[in-house]
Amino acid sequence: MTQMHPTETAEQHAAFNARIARGEKIEPGDWMPAEYRRQLIRMISQHAHSEVVGMLPEGEWITRAPTLKRKTILIAKVQDEAGHGQYLYHAAETLGATRGEMLDALLSGKAKYSSIFNYPTHTWADVGMIGWLVDGAAIKNQTMLAGCSYGPYSRAMVRICSEETFHHKQGKEMIVQYAQGTPEQRQMAQDALNRWWWPALMMLGPHDADSPNTGALAGWGIKLKTNDEVRQEFINEHAPELLEAGLTIPDPDLHQDESGNWIHGPINWDEFWAVVKGQQGLNKERLGARQQAHDDGAWVREAMQAYAARQMGQAAD
Ligand code: FAQ
């Protein structure tokens with residue numbers, strides 16, 4: 001099932017697989033198959049990019065938050081996402097990827113980031129809906145990844161999940177309040193749900209039958225659940241809560257089966273792939289904003305390099 005590099009031996013793979021089977025964490029200096037390393041760099045760097053690009057849709061609303069309390073909560077949330085990006089870039093660096101390579105891949109459009117952040121935020125309720133649904137979906141996925149076999153990624157997930165739990169709660173509190181508020185607030189919450197429900201289901205990745213990476217990732221204890229299993233957990237938690245809040249889920253086929261699972265209607269995967277490939281949504285604007293931030297930060301990188309060179313010079317003296 002897993003690919004073997006020409007320089008690797010069956011014995012090395014067997015010993016590595018035995019460590020995974022024993023539930024041991026793999027740490028940065030340990031021997032690991034090249035394909036395990038490649039898959040982790042792909043996934044962790046895409047995850048880091050998602051956190052950083054994920055600051056943009058909500059960040060736009062900091063100046064327009066309706067109260068000081070909501071504004072401070074949102075500033076803290078956006079700042080948390082920047083921190084998550086940092087932990088994750090560091091986790092990928094432990095595997096040999098450099099920050100420069102990863103940023104080049106993002107800015108050149110070579111690396112992916114989560115489809116969800118190519119959707120626009122039209123109203124203030126979108127900020128609440130992102131907290132409730134997008135953080136809610138991210139937490140389901142990341143709680144699973146907190147148990148993954150690569151130590152630095154697993155530990156980063158523990159901290160990130162605890163912070164995202166606050167994001168999830170503030171988003172839910174906000175939407176529940178609007179859903180019980182004035183007719184305009186109720187409509188704003190419903191419109192936000194109409195726009196974010198399906199993208200939130202899609203962000204958990206293609207159906208298992210169309211997920212080329214799941215087999216290898218599951219074999220190496222990186223993914224402990226499949227995309228469809230995580231999506232089912234997400235719907236089972238969120239569908240009843242949204243209905244209880246008095247909102248209508250925009251899926252006429254949604255129903256609960258005999259086992260208690262909430263079953264969704266067909267997902268528009270054409271839309272998903274168009275958004276991932278940047279043919280639909282705000283990919284151009286998101287990458288433009290990241291490029292601008294990168295260019296604006298050039299003087300900081302230069303100053304840090306000059307400072308490091310001076311420190312090294314002093315140490316050599
Ligand atoms: N968007 O074979 P699979 C957050 C790609 S963090 C774009 O199933 P895999 C926090 C996939 O890369 C959200 N591309 O892939 C926050 C692959 O292409 P590749 C991000 C997607 O890796 C909240 C191809 O499709 N979380 O939200 C997407 O086994 C609020 C085939 O797919 C993570 O990144 C997508 N949605 O499973 C921040 C968690 N889905 O690379 C701000 C870590 C799939 O072969 C505000 N990542 N693709 O060319 C994962 O758990 C996995 O990578 C999955 C995809 C589950 C995302």
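Biologist: How much volume does the largest pocket have?

Modeller: First, the ground rules: residues are numbered from 1 along each chain as its sequence is written, and side-chain values use heavy atoms, without hydrogens and water. In this predicted model, local features need pLDDT of at least 70 and side-chain atom pairs pLDDT 80 or more, while totals for chains, interfaces and linings use all residues. On a 1 Å grid over the protein atoms alone, a pocket is an open set of points where a 1.4 Å probe fits, with protein on both sides within 12 Å along at least five of seven lines. Filling joined points with probe spheres, the largest pocket comes to about 950 Å³.

Biologist: Which element gives the largest share of its lining?

Modeller: Lining residues have an atom within 4 Å of a point, and 40 residues qualify here, with Gln 46 and Ser 114 among those nearest the centre. Helices are DSSP runs (H or I, at least four residues), numbered from the N terminus. With eight residues, the largest share comes from helix 6.

Biologist: What space lies in the second largest pocket?

Modeller: Its lining has 14 residues, and Tyr 89 and Arg 290 are among those nearest the centre. Helix 4, helix 5 and helix 12 each give two or more residues to that lining. The space is about 360 Å³.

Biologist: Which residues does Tyr 36 contact, leaving aside neighbours within four places in sequence?

Modeller: Contact means heavy atoms within 4.5 Å. By that test, the partners of Tyr 36 are Phe 16, Ile 20, Ile 26, Ser 149, Tyr 150, Trp 220 and Ile 222.
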